[in-house]
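Student: Hi! I have a protein model open and I'd like to go through it with you. Can we start with some side chains and then look at the whole thing?

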Amino acid sequence: MSLDYYQRHAPELAARYQLVSPRAVHGDWLTVLEPWLVAAPRQLLDVGAGSGRDAAFLAGLHPGHTLVAAEPCQALAQLGEAHTQGHSVTWVNDALPALSHVTGQFDLILLSAVWMHLPPADRPRALARLGALLSPEGYLVLSLRLVISEQEARERAMFPVSVEEVVRLAAEEGMVVLHASAPQRDAMARVELSWQSLILGGKHARLP
């Protein structure tokens with residue numbers, strides 16, 4: 001991931017992220033998991049938490065939720081901390097594949113617009129680390145950006161992704177893909193972009 005780009009553009013990126021509703025971005029997988037999220041206190045992890053939009057939303061779904069927001073870009077994290085004030089959110093300067101400053105186990109782990117920043121060689125290690133942080137009955141949610149321009153690949157260190165790759169890597173870690181959305185339009189109305197969301201779980205995990 002090119003932190004330099006995000007450091008330089010943090011205010012404008014955060015403002016753009018905050019204009020979009022989390023439900024518009026995450027509606028597909030929320031339809032599946034929101035009843036479970038609002039039913040009881042959960043331990044949550046937002047990897048690549050950015051502006052804090054999703055962290056604040058998820059933490060607010062139940063008064064007992066606690067959330068760890070991992071973000072390596074300090075300029076974004078400072079804005080994110082401000083956006084999540086009043087919620088039980090702890091910010092950590094950390095990133096995949098190591099995610100070495102995050103400890104414990106989590107009922108839900110969210111990677112929103114993160115997977116494409118990981119070089120393919122780092123993805124097996126990253127998924128193994130996420131699997132170690134996931135509680136036995138927990139869910140790992142990934143959003144996959146299906147279109148990456150050459151300019152963005154250079155400027156923002158993005159790499160191609162596919163559902164097939166995630167399925168293969170998940171199987172190697174003893175995880176399964178429980179849900180895969182159809183390709184979705186971009187919530188920011190960027191007509192050239194489409195996304196796909198996946199819900200992963202352990203071998204014995206079941207959707208609620």
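Student: Which side chains are joined by the polar contact of 3.1 Å?
Tutor: Those of W29 and H26. Keep in mind that this is a predicted model.

Student: Okay, where is W29?
Tutor: W29 lies in helix α3. The place of H26 is in helix α3 as well, and that helix covers residues 22–39.

Student: Is H26 buried or exposed?
Tutor: H26 is buried, because its relative accessible area is 3% and anything under 20% counts as buried.

Student: And W29, buried or exposed?
Tutor: W29 is buried, with a relative accessible area of 3%.

Student: Back to H26. Which side chain makes a polar contact of 2.8 Å with the side chain of H26?
Tutor: That is the side chain of D54. Setting aside residues within four places in sequence, H26 is in contact with R53, D54, L110 and S112.

Student: What does W29 contact, leaving aside its neighbours within four places in sequence?
Tutor: W29 is in contact with L37, L58, L108, L110, V141, S197 and I199. Take I199 from that list: I199 and W29 are 170 residues apart in sequence, yet their C-alpha atoms are 7.2 Å apart in space.

Student: Which residue has its backbone oxygen 2.7 Å from a polar atom of the Q196 side chain?
Tutor: S181 does. If you skip residues up to four places away in sequence, Q196 touches L142, S143, L144, L146, V163, S181, A182 and P183.

Student: Now the backbone. Which peptide bond is cis, with omega near 10°?
Tutor: The one from L96 to P97. You'll find P97 in the loop between β3 and β4, where β3 is residues 89–92.

Student: How far apart are the C-alpha atoms of P97 and D122?
Tutor: They are separated by 6.2 Å, although the two residues are 25 residues apart along the chain. D122 is in the loop between β4, residues 106–111, and α6, residues 123–133. At 28% relative accessibility, D122 counts as partly exposed.

Student: What about phi angles? What is the phi of L99?
Tutor: L99 has a positive phi of about 45°, although it is not a glycine. L99 is placed in the loop between β3 and β4, and L99 is buried, with a relative accessible area of 0%.

Student: And what is the phi of A113?
Tutor: A113 has a positive phi of about 55°, and A113 is not a glycine either. A113 lies in the loop between β4 and α6. At 27% relative accessibility, A113 counts as partly exposed.

Student: How far apart are Q85 and R168?
Tutor: From C-alpha to C-alpha they are 39 Å apart in space, and they are 83 residues apart in sequence.

Student: Let's zoom out. How many helices and strands are there?
Tutor: There are 8 helices and 8 strands in the protein chain. Along the principal axes, the C-alpha atoms fill a box of roughly 40 × 40 × 30 Å.

Student: What radius of gyration does the chain have?
Tutor: The protein chain has 16 Å. A compact globule with 208 residues would have one near 17 Å, so the value agrees with that.

Student: How much of the chain counts as buried?
Tutor: Of the 208 residues, 51% count as buried. The chain exposes about 9,400 Å², and carbon and sulfur atoms supply 53% of it.

Student: Among contacts between residues at least 6 apart in sequence, how many join residues at least 24 apart?
Tutor: In the protein chain, 69% of them do.

Student: Last one, charges! How far apart are the mean positions of the positive and negative charges?
Tutor: They are 2 Å apart, with 16 positive and 21 negative charges in the protein chain.

Terms used:
Residues are numbered from 1 along each chain as its sequence is written. This is a predicted model: local features need pLDDT of at least 70, side-chain atom pairs count only at pLDDT 80 or more; totals for chains, interfaces and linings use all residues. Side-chain values use heavy atoms; hydrogens and water are left out. Helices (H or I, at least four residues) and strands (E, at least two) are DSSP runs, numbered from the N terminus. The radius of gyration is taken over C-alpha atoms; the globule rule is 2.2 Å times the number of residues to the power 0.38. Buried means under 20% relative accessible area, exposed over 50%, partly exposed in between (1.4 Å probe, protein chains only). Contact means heavy atoms within 4.5 Å. Accessible areas come from the Shrake-Rupley method with a 1.4 Å probe; for residues, only the protein chains shown count as cover. Lys and Arg count as positive and Asp and Glu as negative; His and the chain ends are not counted. The place of a charge is taken as NZ of Lys, CZ of Arg, CG of Asp or CD of Glu. A polar contact is a pair of N or O atoms within 3.5 Å; within protein, one must be able to donate a hydrogen and the other to accept it, and residues adjacent in sequence count only if both atoms are side-chain atoms.
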